[in-house]
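Subject: Structure handover

Hi,

Here is the structure I promised to pass on to you. Have a look at it first, and then read on for what turned up in it.

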Amino acid sequence: MFSVYTQFYNVEKFNIDFKSAITNFCEFLTKDDEVVITVNTSEDNTLNKIITFVASLPARYPNVEIVPCDFSYNDIEFDGKVKNHALQATHNSIKIQMDGDERFDLNQKDQWRKAGKSLEMNKEYISGWMMNSLDLWGSLKHARKNQPIGVKFRMHIGGIQRGVQRTAWSEDGKSFDTSKSDSTEP
């Protein structure tokens, strides 16, 4: 039922703990679920590191697919394009977007499954759920001090793209209002 999609790039350069993120995503899911990881072209060995780590995962984990991409870091829509690339490679009916600095609370599996089933049963009326989001900072034991627990458009049905909201674009279409969009909205 679930497709978790995420993205990584420059994991060595920025010391990103991609292993604990991928492991957490896999432990949260069942064997019928999947994890789709987009890896953007990086200034380091990110793609090979992720391929090697995924190959070492236990067979009990769900399907993990790695989808390389090559979006320009200078593109103002960069983050949204990378997330959307991962989203479009998913296969299951319920999609969950997770960043590399986010983790599932493994004690909440049942609540997420209930939310997913509710979404699936009501998809003609509801296309997604906003879910709590806690950003980690520096380690798995520290949350960002400057960010309150927020909500994200985290879980949704298929047929959706991620990107800049139309209302956020400037009249000339060359920039967007970052108070209205971070380029990743569904």
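A nonpolar core, as I use the term here, is a set of buried Ala, Val, Leu, Ile, Met, Phe, Trp, Tyr and Cys residues that are joined through side-chain atoms within 4.5 Å. Please keep in mind that this is a predicted model.

Let me start with the cores. The largest one has 30 residues, and I22 and M155 are those with the most contacts inside it. Two or more residues of this core come from each of strand 1, helix 1, strand 2 (34–40), helix 2 (46–55), strand 4 (94–97), helix 4 (109–121) and strand 8 (150–157). Helix 1 gives the most, with six residues. Leaving aside residues up to four places away in sequence, I22 touches F8, I37, I50, F53 and L57. Another core lies apart from this one; it has six residues, including Y5, V36, A86 and L87.

A pair of aromatic rings is described by the distance of the centres and the angle of the planes. The structure holds ten aromatic pairs. In one of them, the ring centres of Y9 and Y73 are 5.6 Å apart with the planes at 70 degrees; planes over 60 degrees apart count as edge-to-face, so Y9 and Y73 are an edge-to-face pair. This pair links distant parts of the chain, 64 residues apart: Y9 is in the loop between strand 1 (2–8) and helix 1 (18–28), while Y73 is in the loop between strand 3 (63–69) and helix 3 (78–88).

Y9 has a further partner in F78: their centres are 5.1 Å apart and their planes are at 75 degrees, so this pair is edge-to-face too. Here the link runs from the loop between strand 1 and helix 1, where Y9 sits, to F78 in helix 3, 69 residues apart.

How exposed or buried are these three? Y9 has 24% relative accessibility and counts as partly exposed, and Y73 is partly exposed at 36%. F78, at 8% relative accessibility, counts as buried.

Best wishes

Methods. Residues numbered from 1 in each chain as written. Predicted model: local features only at pLDDT ≥ 70, side-chain atom pairs only at ≥ 80, totals over all residues. Heavy atoms only, no water. Phe/Tyr/Trp six-rings, centres within 6.5 Å; stacked < 30°, edge-to-face > 60°. Helix = DSSP H or I, 4+ residues; strand = E, 2+ residues; numbered from the N terminus. Buried < 20%, exposed > 50% of the residue type's maximum accessible area, 1.4 Å probe, protein only. Contact = heavy atoms within 4.5 Å.
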